[in-house]
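Q: I would like to learn how to read helix packing, strand pairing and aromatic pairs in a model. Could we go through them one after another, with the general idea before the case?

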Amino acid sequence: MDKNYPKKSDPRPKRRRSKDNPYEIYSVGAQTDRPRYYIAFKDSTGVRQELEIDKALFDTLDRFELDDLSFLNEVDNHYERSELTEASLNARAFEPQETVEEVVTLRDENERLHRAIATLPEKQRKRLTLYYFRGLSYAQIAKIEGCKYQTVQESIYAALTKLKKFLI
């Protein structure tokens, strides 16, 4: 390459290249009236060689690079989509999906809990349901039932004690 020739940067953007691509193409003086085009590569001894080439060959090699880049992007997209397994999808999920074992265990525990609640006396069952499943406070339940706050509190505590014994 001529040392006196103006070194304007190559107007082409930097591109990702295939690891198998043995050459690099670039231009010098692209905005001048006489741009020069080069190909660089390492020869069999590992020495970098630079050769000036004509515009037609440069354009052909540039097209090859673009086609190669297009292929690399296609491969990346294909592999990205083809390697999506249940585990990788769950890892990406905002809320990871429960496994089959977790679903079955949770369903079994819910059934046991409902059977245990069904064994409670009606007042305890009603108060427990209002407190835990409807989100009412002890005061709200006492007002609905026309009883004292402490009565509701003791009733729910007694219901929890019975449930613990049943579920253990």
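A: Let us start with a pair of helices: α3 passes α6 in a right-handed crossing, where right-handed means that the near helix is turned clockwise from the far one by less than a right angle, and left-handed means anticlockwise. The model is a predicted one, in which local features need pLDDT of at least 70 and side-chain atom pairs count only at pLDDT 80 or more, whereas totals for chains, interfaces and linings use all residues. Residues are numbered from 1 along each chain as its sequence is written, and side-chain values use heavy atoms, with hydrogens and water left out.

Q: At what angle do α3 and α6 pack, and how far apart are their axes?
A: Two packed helices are described by the angle between their axes and the distance between the axes. Helix α3 (residues 100–118) and α6 pack at an angle of about 130°, with the axes 10 Å apart; axes are lines fitted to C-alpha atoms, for helices over the stretch in contact, and angles run from 0 to 180 degrees between N-to-C directions. That makes α3 oblique to α6, since angles under 35 degrees count as roughly parallel, over 145 as roughly antiparallel, 65 to 115 as roughly perpendicular and the rest as oblique. Helices here are DSSP runs of H or I with at least four residues, strands are runs of E with at least two, and both are numbered from the N terminus.

Q: Which residues of α3 and α6 meet?
A: Arg112, Leu113, Arg115, Ala116 and Ile117 of α3 meet Leu163, Phe166 and Leu167 of α6, contact being heavy atoms within 4.5 Å. By class, this contact of α3 with α6 has six nonpolar, no polar and two charged residues; Ala, Val, Leu, Ile, Met, Phe, Trp, Tyr, Cys and Pro count as nonpolar, Asp, Glu, Lys and Arg as charged, and the others, Gly among them, as polar.

Q: How do α5 and α6 cross?
A: The axes of helix α5 (residues 138–145) and helix α6 (residues 149–167) come within 8 Å and cross at roughly 110°, and α5 and α6 are therefore roughly perpendicular to each other. The contact is made by Tyr138, Ala139, Ile141 and Ala142 of α5 with Tyr149, Val152, Gln153 and Ile156 of α6, and by class it has seven nonpolar, one polar and no charged residues.

Q: In what order do the strands form the sheet, and is the pairing parallel or antiparallel?
A: Strands of a sheet pair through backbone hydrogen bonds, either parallel or antiparallel. Here three strands form an open sheet in the order β1-β2-β3, with antiparallel pairing, and two strands count as paired if DSSP finds at least two bridges between them. The edge strands, each pairing on one side only, are β1 (23–28) and β3 (48–53). Strand β2 (residues 36–42) is joined to β3 by six bridges, and Ile39 stands opposite Leu51 in β3. β2 and β3 form a hairpin with five residues between them, and Gly46 in the turn has a positive phi of about 90°.

Q: How many aromatic pairs does a search of the whole structure find?
A: A pair of aromatic rings is described by the distance of the centres and the angle of the planes. The search finds five aromatic pairs, where rings of Phe, Tyr and Trp (its six-membered ring) pair if their centres lie within 6.5 Å, and planes under 30 degrees apart count as stacked, over 60 as edge-to-face and the rest as tilted. One of them is the stacked pair of Tyr26 and Tyr38, at 5.5 Å centre to centre and 15° between the planes. This pair links distant parts of the chain, with Tyr26 in strand β1 and Tyr38 in strand β2, 12 residues apart.
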